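Hi there,

Here is the structure I promised to pass on to you. Please have a look at it first, and then read my notes below.

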Amino acid sequence: MNAPLPVEVLKQHLIDPEICIRCNTCEETCPVDAITHDSNNYVVDPEICNGCMACVPPCPTGSIDNWRLVVRAEAYSVQDQLGWEELPQDKPLPVDAAAAGEGGQPMPAPQAESGLAQAVAVTAAAPGAAVPPWSAAHPYVNLYTHKTPITATVVGNYRVTGVDTESDIHHIVLDFGEQPFPVLEGQSIGILPPGVDAQGRPHHARQYSLASPRDGERAGYNNLSLTVKRVTQDHGGAAAHGVCSNYLCDLAKNDTVQVIGPFGHTFLMPNHPQANLIMICTGTGSAPMRAMTERSRRLIGTADIGKLMLFFGARTERELPYFGPLMKLPRDFIDINLALSREPGQPKRYVQDLIRERAAHVRGLLADRNTCIYVCGLKGMEVGVLDALRDVVVQSGEDWSILHDALRREGRLHFETY
Ligand code: NAP
């Protein structure tokens with residue numbers, strides 16, 4: 001008669017603030033808007049999260065994949081989590097609650113245990129794949145963290161856009177000397193800018209994609225490159241000073257930089273012979289495409305390289321990073337399609353317009369299971385690119401949803417957009 005009421009246990013979803021690089025991917029991915037952030041942390045609202053796991057595979061660091069068994073009534077609130085500098089220790093559950101968690105009472109979310117296989121099954125609505133191409137090399141991730149960053153030395157920093165244009169984009173080369181820093185094309189790193197934010201806390205890391213291939217910006221050297229645009233305006237066009245981009249663009253040779261990472265385990269290039277790449281990018285989203293293109297170029301003569309097709313969007317030719325070196329690449333090595341949106345005297349064109357114009361070639365590549373597609377750059381291009389790919393497929397009388405599912409399942413369609 002007087003038995004205690006069963007206590008409801010929650011497997012609470014938490015984000016590790018020490019590993020999170022605040023890239024916003026989880027908040028954008030969450031289908032129920034359970035993830036929010038302030039200037040300090042990204043956090044999960046226990047009242048909303050249903051444990052669907054959609055946010056787990058896209059997280060480049062794995063900081064999203066943290067869970068604590070708590071009594072539901074004592075779950076960590078959004079306000080608690082926003083103040084954290086690190087995750088709390090596991091708290092022992094009361095005996096009756098622990099029993100409930102073992103099966104006495106239904107334990108709500110998550111729907112699936114942590115792990116990629118289950119996560120893939122429940123993220124069918126995501127536009128891109130949650131797995132890498134089958135032949136991608138093994139990536140190393142999180143070798144260096146906020147608490148244990150690695151020091152790199154600047155060995156190059158130069159502008160790769162016309163000096164008379166608004167787009168001040170820099171190619172920055174960082175050297176790691178004798179320290180191990182293994183990377184793959186498509187991965188990214190975090191830079192810890194010096195100084196503190198308005199609240200007096202150290203700045204969070206900012207994420208940048210590698211622009212160089214796995215064997216170094218200079219082949220055989222332990223270095224890598226980044227493509228960084230100096231931020232002088234916010235998204236609304238108001239004047240703003242990008243903390244990390246200005247820091248990086250102003251670095252001089254021999255300056256040192258604190259680096260964390262590497263990050264990314266899915267946006268990776270295939271390694272098998274005859275693998276084709278369709279690369280679609282805007283602006284500094286060209287970084288991983290440069291890395292993959294250069295990797296392929298260095299393999300010429302030693303491996304059976306597939307076809308490379310590039311769709312690259314920028315305002316004008318002079319604002320397109322790496323325009324000069326790109327145009328020197330042989331046309332039988334890479335099929336280059338430039339979409340210029342503000343070139344005087346020319347109609348405005350976006351990458352998706354060119355995908356439609358080149359429908360026959362794109363369709364031919366899509367029909368080949370050796371083809372992988374990479375999309376990187378502005379968030380806004382995601383929908384336009386998917387629509388264009390769908391149109392190309394539908395025009396040939398095929399079912400886009402079947403192909404789209406296959407591309408995601410087989411790790412052949414990848415997005416990295418911000
Ligand atoms: P941007 O100069 O603002 O834009 C590049 C081009 O994309 C312009 O021609 C622009 O046209 C066009 N564009 C605008 N909206 C579009 C849409 N909905 N669909 C297709 N094209 C569209 O580019 P950015 O400032 O370099 O930005 C690149 C993005 O890449 C940033 O969001 C950055 O965070 C991201 N990114 C950077 C890195 C890195 O390592 N640095 C890595 C991954 C991603 P109009 O403006 O003329 O309309």
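Helices here are DSSP runs of H or I with at least four residues, strands are runs of E with at least two, and both are numbered from the N terminus. Contact means heavy atoms within 4.5 Å. Helix α11 itself covers residues 400–409, and its buried residues are Trp-400, Leu-403, His-404, Ala-406, Leu-407 and Arg-408. I use "buried" for under 20% relative accessible area, "exposed" for over 50% and "partly exposed" for anything in between, with a 1.4 Å probe and protein chains only. After α11 comes Gly-411, with a positive phi near 65°.

A word on where the values come from: this is a predicted model, in which local features need pLDDT of at least 70 and side-chain atom pairs count only at pLDDT 80 or more, while totals for chains, interfaces and linings use all residues. Residues are numbered from 1 along each chain as its sequence is written, and side-chain values use heavy atoms, with hydrogens and water left out.

**How α9 meets α10**

Two packed helices are described by the angle between their axes and the distance between the axes. For α9 (residues 359–366) and α10 (residues 381–395), the angle is about 85° and the axes are 10 Å apart. The axes are lines fitted to C-alpha atoms, for helices over the stretch in contact, and angles run from 0 to 180 degrees between N-to-C directions. The two helices, α9 and α10, are therefore roughly perpendicular to each other; that label applies from 65 to 115 degrees, with under 35 being roughly parallel, over 145 roughly antiparallel and the rest oblique.

On the α9 side, the contact is made by Ala-359, Val-362, Arg-363 and Leu-366, and on the α10 side by Leu-389, Val-392, Val-393 and Gln-395. By class, the residues of this contact between α9 and α10 are 6 nonpolar, 1 polar and 1 charged. Here Ala, Val, Leu, Ile, Met, Phe, Trp, Tyr, Cys and Pro count as nonpolar, Asp, Glu, Lys and Arg as charged, and the others, Gly among them, as polar.

Val-392 is worth a look in your viewer. This residue sits in helix α10 and is buried, with a relative accessible area of 1%. Not counting residues up to four places away in sequence, Val-392 touches Ile-355, Arg-356, Ala-359, Val-362 and Arg-363. Val-131, by contrast, is 261 residues from Val-392 in sequence and 24 Å from it in space, C-alpha to C-alpha.

**Loops and backbone details**

The loop between β3 (42–44) and β4 (66–71) holds Asp-65, and Met-53 lies in that loop between β3 and β4 too. Met-53 is not a glycine, yet its phi is positive, about 75°. Met-53 is buried, at 3% relative accessible area, whereas Asp-65 counts as partly exposed at 27%. Asp-65 and Cys-55 are 10 residues apart in sequence, and their C-alpha atoms are 8.8 Å apart.

Asn-254, in the loop between α5 (243–249) and β10, is another residue other than glycine with a positive phi, near 80°. Asn-254 is exposed, with a relative accessible area of 61%. Strand β10 (residues 256–263) contains Pro-262, and the peptide bond from Gly-261 to Pro-262 is cis, with omega near -5°.

Asp-197 is placed in the loop between β7 (188–192) and β8 (206–209). Asp-197 is buried, at 17% relative accessible area. Beyond its neighbours within four places in sequence, Asp-197 is in contact with Pro-202 and His-203.

**The protein as a whole**

The protein has 11 helices and 15 strands, and 52% of its 418 residues are buried. Its C-alpha trace spans about 85 × 55 × 45 Å along the principal axes. A compact globule of 418 residues would have a radius of gyration near 22 Å, and the 23 Å of the protein agrees with that. The radius is taken over C-alpha atoms, and the globule rule is 2.2 Å times the number of residues to the power 0.38. Of the contacts with a separation of 6 or more, 73% join residues 24 or more positions apart.

Best wishes
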